[in-house]
Amino acid sequence: MADEFDVIVIGAGPAGENAADRAVRGGLTAAIVEERLAGGECSYWACVPSKALLRPVDLAAEVARVPGLTLGEIDVARVLARRDEAVSAYDDGGQVRWIESVPIEFFRGRGRLDGPKRVRVTTEDGDERVLTARQAVVLATGSTAAVPPVPGLAEANPWTSHEVTAASSVPERLVVLGGGVVACEMAQAMHGLGARQTTVVVRGGRLLGRMEPFAGELVAESFAEAGIDVRFHTQMERVERPEPGGKVTVHLGDGPPLEADEVLVATGRDVATRGLGLDTIGLPDDAPVEVDDSMRATGVADGWLYAVGDVNGRALLTHMGKYQARICGDVIAARARGDELPAMRDLADSYGSPQVVFTDPQVCAVGRTEEEARNEGFRVRAVEYDMGAVTGAYLLGDGYRGKAKAVVDEDRKVLLGVTFAGPGAAELLHAATIAVTAEVPLDRLWHAVPSFPTVSEIWLRLLETYGL
């Protein structure tokens, strides 16, 4: 293996792989360094395994809404076995073979910057090797679960997204700290798979606080019906676990303590910059790496450093990291050739990233919420519609509950944001993403006729409610 490449990428998750792949497509040589598993967090401990765990729970709820259908108990062992299959039994051999086929040189070890255009790789055995980049180094190290400084919490070895998605069994009693996406998804997954006593502790007053308020309200209603106990405006004061792996006692700011078999911490993510060697090039190691719209790090002489995905703090979503990586790889290759830079730029971040929460009901959104749009100074009108009143939704099952909302820029008559919350709503999102990012005028969007009887007829109802 050589020690010099055009591009060196630290981190072989989806963002890092895409950046290296696009650079090679542009005619450059590339190396990628990964300390753990090629494929990254999403493939083994986040997106893929969490959805494998959620799917049977979601399907059970869907079956229960259709008269004439019954479903027996979920076979938890088979669900966990399918999860293991989805993550390739935590073996990244296939992913490494793909990387090498691109071709990208793969290095297993801890990568850190060692001055401009230099990356020091330390293997598990302690061996070291220094790689040099002729054109660029790309940081794609992602993020890690944040554990708040609650007395006794870290010492209790709580679950994070890593442990809950890789669980070999389901705890009977589970306490979940947080009200965001991971907290909601994994509380519902674990409860549906057998965590009969599930308590969600939320510091604020609603679930999914960054989305439209009705989204969290519908999820909270679903939780209540399923028997998931949600404690709003509640602080976790301290945690006790006298015996490793034993019972956990969670002391709250209000009310009696909770006893559990496991505690899941889902209070956000920290960018993975510590120990990355940013101090060797004059950047802080405790903050996101600031980048411009080509993903090039600002404040670095000669412009050789780039950062994609969670590590730049722009949008902590796998699909957005991959999008940024495609931009990054293309730009690096164009600059290396001395070509005009490609027209593709990071526009999606400014429009608002699409996101799906795979709870029941599913929640999906793109663009700005009404509150965000107003705070940014847009002249806004928002319209809402009951998704359960659409014929296609009724046909999916009894008791279908959902809601849709469109946020309109009244000056340009285009959509600033769209949110759907309802069973199976995720598949509606890409149409909304196209409408928002392409800034399709409402009077043109009105001619995009939804098929009957599908839930997508919600588009017509929203536009009619607006007045078209």
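Which helix gives the most to the lining of the largest cavity? Helix 15 does, with four residues. The model is a predicted one, in which local features need pLDDT of at least 70 and side-chain atom pairs count only at pLDDT 80 or more, while totals for chains, interfaces and linings use all residues. Residues are numbered from 1 along each chain as its sequence is written, and side-chain values use heavy atoms, with hydrogens and water left out.

**Largest cavity**

- A search of the whole structure finds one cavity of 30 Å³ or more, a cavity being a set of points on a 1 Å grid over the protein atoms alone where a 1.4 Å probe fits but cannot get out.
- The largest cavity holds about 60 Å³ of space, where a volume is the space filled by probe spheres set on points joined across faces, edges and corners.
- Its lining, meaning residues with an atom within 4 Å of a point, includes Val383, Leu415, Trp459 and Tyr466, and it divides into 10 nonpolar, no polar and no charged residues.
- For these classes, Ala, Val, Leu, Ile, Met, Phe, Trp, Tyr, Cys and Pro count as nonpolar, Asp, Glu, Lys and Arg as charged, and the others, Gly among them, as polar.
- Strand 20 (403-409), helix 14 (442-445) and helix 15 (458-466) each supply at least two lining residues, with helices (H or I, at least four residues) and strands (E, at least two) taken as DSSP runs numbered from the N terminus.

**Second largest pocket**

- The second largest pocket, a pocket being an open set with protein on both sides within 12 Å along at least five of seven lines, has a volume of about 630 Å³.
- Of the 26 residues that line this pocket, Val57, Ala60, Ala61, Ala226 and Asp360 lie nearest its centre, and the lining as a whole divides into 13 nonpolar, seven polar and six charged.

**Strands 4 and 5**

- Strand 4 and strand 5 (residues 118-122) pair in the antiparallel sense over four bridges, where pairing requires that DSSP find at least two bridges, and leucine 113 stands opposite valine 119.

**Glutamine 362**

- Glutamine 362 lies in strand 18 (residues 362-367) and is buried, with a relative accessible area of 9%.
- The side chain of glutamine 362 reaches the backbone nitrogen of alanine 425 at 3.2 Å.

Methods
Buried < 20%, exposed > 50% of the residue type's maximum accessible area, 1.4 Å probe, protein only. Polar contact = N/O pair within 3.5 Å; in protein donor to acceptor, adjacent residues only side chain to side chain.
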